[in-house]
Amino acid sequence: MKRAVAYIRVSTAQQGKSGLGLEAQRVAIAKFAEAEGLELSAEFQEVETGKGAYALNKRPQLAAALSEAKRNDCAVVVAKLDRLSRDVAFISALMAKRTPFIVAELGADVSPFMLHIYAAVAEQERAMISQRTKDALAAVKARGVKLGNPQIAKAQEAAAQRRAAIADGFAANVISIIREIQATGASMRKTAAALNARGIPTARGGTWAATQISDILKRRVV
């Protein structure tokens with residue numbers, strides 16, 4: 001029986017805490033694996049936004065899934081294409097890594113060309129949603145409604161809380177990998193080296209050092 005690695009992602013911390021969408025993806029992947037005769041050897045779960053040119057740097061669990069699949073010479077399976085990204089360039093970058101991934105919704109035999117087409121459609125859909133939001137805000141502003149937050153101090157505080165939430169989210173995604181490595185008795189320095197060897201980037205896309213492992217552990221994420 002062929003092996004595969006499952007990757008599950010939701011786009012917000014709220015969805016991650018509620019489990020919204022996670023179980024549905026897990027069931028879809030399990031049904032697909034059973035139908036295709038695949039054995040799911042590992043599952044990687046992530047809560048993060050897929051938007052942005054450097055989204056992979058914010059996806060330690062995806063990086064870990066790709067590394068695990070490469071070591072086992074197998075594919076990464078996702079329930080839907082947008083669980084990877086709605087960005088064509090991001091999908092193309094994943095293809096360039098030459099680690100195959102399968103979209104359960106589309107089937108096992110979809111060609112790379114068709115995956116690019118589906119990704120382009122998803123990207124266009126995201127752009128249309130963004131444009132509709134901008135148009136709605138412009139219409140509200142035209143009616144004389146003031147937009148924005150005039151309370152700078154509160155806005156700055158909210159921005160700081162947002163940055164802290166992003167850092168906490170990244171820590172929550174990578175902590176399980178760190179604990180898995182440290183369970184072997186690895187020091188913080190060796191844990192950092194193991195993360196670098198697996199191709200898992202830091203929150204800023206760089207390489208790991210012992211101090212960063214310490215910072216993650218101090219956050220006391222579950």
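Is E23 buried, partly exposed or exposed? In this predicted model, E23 counts as partly exposed because its relative accessibility is 45%, which falls between the 20% and 50% cut-offs. Keep this residue in mind.

Start with the strands. Four of them form an open sheet, in the order β2-β1-β3-β4. The pairing is parallel. The edges belong to β2, residues 38–47, and β4, residues 101–103. Each of these edge strands pairs on one side only. From one strand to the next, the twist averages 30 degrees.

Now look inside the sheet. Strand β1 covers residues 2–10, and strand β3 covers residues 75–78. The two run parallel and are joined over three bridges. To find this pairing on the structure, look for A6, whose bridge partner in β3 is V77.

Next comes a helix. Helix α3 spans residues 60–71 and lies across β1, β2 and β3. Relative to β2, α3 runs at about 160 degrees.

How does E68 count, buried or exposed? E68 counts as buried, because its relative accessibility is 17% and the cut-off for buried is under 20%.

Back to E23. This residue lies in helix α2, residues 22–36, together with R26. Here too the spacing is three residues, about one turn of the helix. E23 and R26 form a salt bridge, and their closest N and O atoms are 2.9 Å apart. R26 has 26% relative accessibility, so it counts as partly exposed.

E23, R26 and E43 are linked in a network of salt bridges.

One more pair deserves a stop. D82 forms a salt bridge with R83. The closest N and O atoms of D82 and R83 are 3.0 Å apart. Both residues are buried.

Technical notes. Residues numbered from 1 in each chain as written. Predicted model: local features only at pLDDT ≥ 70, side-chain atom pairs only at ≥ 80, totals over all residues. Heavy atoms only, no water. Pairing = 2+ DSSP bridges. Helix = DSSP H or I, 4+ residues; strand = E, 2+ residues; numbered from the N terminus. Axes fitted to C-alpha atoms, helices over the stretch in contact; angles between N-to-C directions. Contact = heavy atoms within 4.5 Å. Salt bridge = Lys/Arg side-chain N within 4 Å of Asp/Glu carboxyl O. Buried < 20%, exposed > 50% of the residue type's maximum accessible area, 1.4 Å probe, protein only.
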